[in-house]
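Reader: I am new to this structure. Please take a close look at one part of it, the surface that faces the DNA.

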There are 2 protein chains.
Amino acid sequence: MTVSRVINRSGYISHETRERVETAIADLGYVPNTLARSLRSKKTKTLALVLTDITNPFFTTLARGVEDAASAQGFNVIFCNTDESEIKQEKYLTMLVQKRVDGVLLVPACSLGRPACYLQEHGIPVVVLDRRVPDCQVDSVRCDSVQGAFELTRLLLDLGHERIAVLSGPTTVSTAVDRVIGCRKAAGEAGLGDDAVRAYHDEYTQEGGYRMAQKALAANPRPTAFFAANNFVAVGAHRTLREAGLRVPEDIAMVAFDDLPGGLVTEAFFTVVAQPAYEMGQVATRLLLDRLAGTAPTECLEAILPAKVIIGRSSGLPVESFFTEAVQNRTAGWDAAATERRLDQPVGNQ
Amino acid sequence: MTVSRVINRSGYISHETRERVETAIADLGYVPNTLARSLRSKKTKTLALVLTDITNPFFTTLARGVEDAASAQGFNVIFCNTDESEIKQEKYLTMLVQKRVDGVLLVPACSLGRPACYLQEHGIPVVVLDRRVPDCQVDSVRCDSVQGAFELTRLLLDLGHERIAVLSGPTTVSTAVDRVIGCRKAAGEAGLGDDAVRAYHDEYTQEGGYRMAQKALAANPRPTAFFAANNFVAVGAHRTLREAGLRVPEDIAMVAFDDLPGGLVTEAFFTVVAQPAYEMGQVATRLLLDRLAGTAPTECLEAILPAKVIIGRSSGLPVESFFTEAVQNRTAGWDAAATERRLDQPVGNQ
DNA sequence: CTGTTAGCGCATTCAA
DNA sequence: TTGAATGCGCTAACAG
């Protein structure tokens, strides 16, 4: 119909017919059907964000970044929680292919590349978020976990700690592995033996943190500092310490990965490496949209965003904050300027 | 094609053709197109959850309840953040009509019924969540804010407080209004004058709480207790108190609406009325799905779920917890058994 | 049990 | 500047 032209402002239309159509639309309460449009155009204007748990404030913030960036270009976002389950993840991915979403932002439930490749094989562009997937050529956006853990550990070493317990996540998750590596690296460079750092692995949850902290406390000699590899783990570990009657930082020092948003916490208690979650979401989404638009370079991009150390009371250091030095950006010039501009602003507080 | 029959397991198919089709599907990497299916069947198997801010743990938890209940029946969920803006809300609602979602769960950005009616006029069932909308016949699921505020205030009154500052949300939001009413009601019944309760209104954010607390502190005589009408406000108000060098609860007692999830907080600091966010999402979604299935009764349902008082250190009371007595449920028998079964379990911790 | 016909609502292409 | 024809991929309703 001519109606289509009116709605999409395409082609030539006389003022008269345009108005006639517009009043008819208003009278009938007509609303165009996106499904039919998408069927025809093979574009859904829809992205998907597949993540492990929207309940985690880190992902929640990231999700806002994604949604804001997407809706700025008229795209909608479907959220999918995998709960770190590969079964659920697979279920969601096939669903997304069936729905013909234009692109997917994926926080992989495991460290394998298959899921991302699966989408690519079906012609759906993917950006992997937060975690590494070694065996797949795919765009990705994340922070440098090794570097962040390295700096956080340096803090502890400078304070004289020589027995550190790393309470980390599942060994299938790259961030959990990398944060242990970064911690060990710092201890090694400080000339400490391998037994200076003891690593524990469990779920990235409060319960996991609680359990790992119990195990760590049972070690002899007891660690003098805890390194929690994520925010939930930190909270769980702290509960263990409180129940054991141990004070932080007087009896045991703590540092952690991932900030808690300012809306949730009255004061900066934990010393953390805060990842720029909102910006990660934004950058990843813009990259994905650039891919869809054909604006991005053909090779596969990898954006490593800077994290920020925020000193809270838990480490025993005087309270201040600073950026990590290592601002890697291997995106070969892609939108780097815009990205870094954003990152001049503080990325979190606790 | 016969293919359709194989995929949908509808009608009769010989084992042989079925297998032939299935191998072909596997060979070709064929994936059915949901868009075309929806266009034909006029069903998208998609719900939408429109809320004000996914960053708030209350809504985050609610969203999980929605997603879990929806995906249990094969439905997907689109999330939309309105940031309390009616403009954004309207934009999203028209988008959802265009997308022909099967149903909408709506946390209205304002207290008017228009948005809900708009959807209903377009044949999309709606369940309103968390807030009242007086001028519209629509299903709704929420907690009793008046009752919750009443009980929380009673706690303060029992401790001898006679000057209470209610730090509430925007006057356009029903919960913000109701929580003030409940507080006033408790003071009235305790025989206190109108000046015993002083109400402040601002945004439901940390900043809002911070500002309101500053104003409240400036009053002469100073209030002896703060009632924060939501979790973010509580955190902001607490920051004000800390900056003013006032201790909680020694110098000023605090109670608040909305729990902070266990994963985020190491100990129960705030005394709160915790709303069963996850269950609210679940109940609302099941109600909506029952509507879609034609299983729900024809009249308009209103489910008022019980909240739970959790005693933390902030009020100055000994720490324990109990359910509110008032478990209203005006859902006329609808799934009430299942709902209440769920609610026997604790609904939050902090 | 299997295939055919037709149409969901839109936009591309071509004709008027 | 407008309209008519066509097909996106699927399934309801029939035939075979």
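Author: Helices (H or I, at least four residues) and strands (E, at least two) are DSSP runs, numbered from the N terminus. This is a predicted model, in which local features need pLDDT of at least 70 and side-chain atom pairs count only at pLDDT 80 or more, while totals for chains, interfaces and linings use all residues. Residues are numbered from 1 along each chain as its sequence is written, and chains are lettered from A and ligands numbered from 1 in the order in which they are written.

α3(A) supplies the most to the surface near DNA strand C, five residues. In total, 19 residues surround DNA strand C, and the closest are Ser4(A), Asn33(A), Ala36(A), Tyr12(B) and Thr17(B). A residue is near a strand if its C-beta atom, placed from the backbone, lies within 6 Å of it. By class, eight residues of this surface are nonpolar, eight polar and three charged. Ala, Val, Leu, Ile, Met, Phe, Trp, Tyr, Cys and Pro count as nonpolar, Asp, Glu, Lys and Arg as charged, and the others, Gly among them, as polar.

DNA strand D is surrounded by 19 residues, with Tyr12(A), Thr17(A), Ser4(B), Asn33(B) and Ala36(B) the closest. Two or more residues each come from α3 (34–41) of chain A and from α1 (2–8) and α3 of chain B. α3(B) has the largest share of the surface near DNA strand D, five residues. The classes there are eight nonpolar, eight polar and three charged residues.
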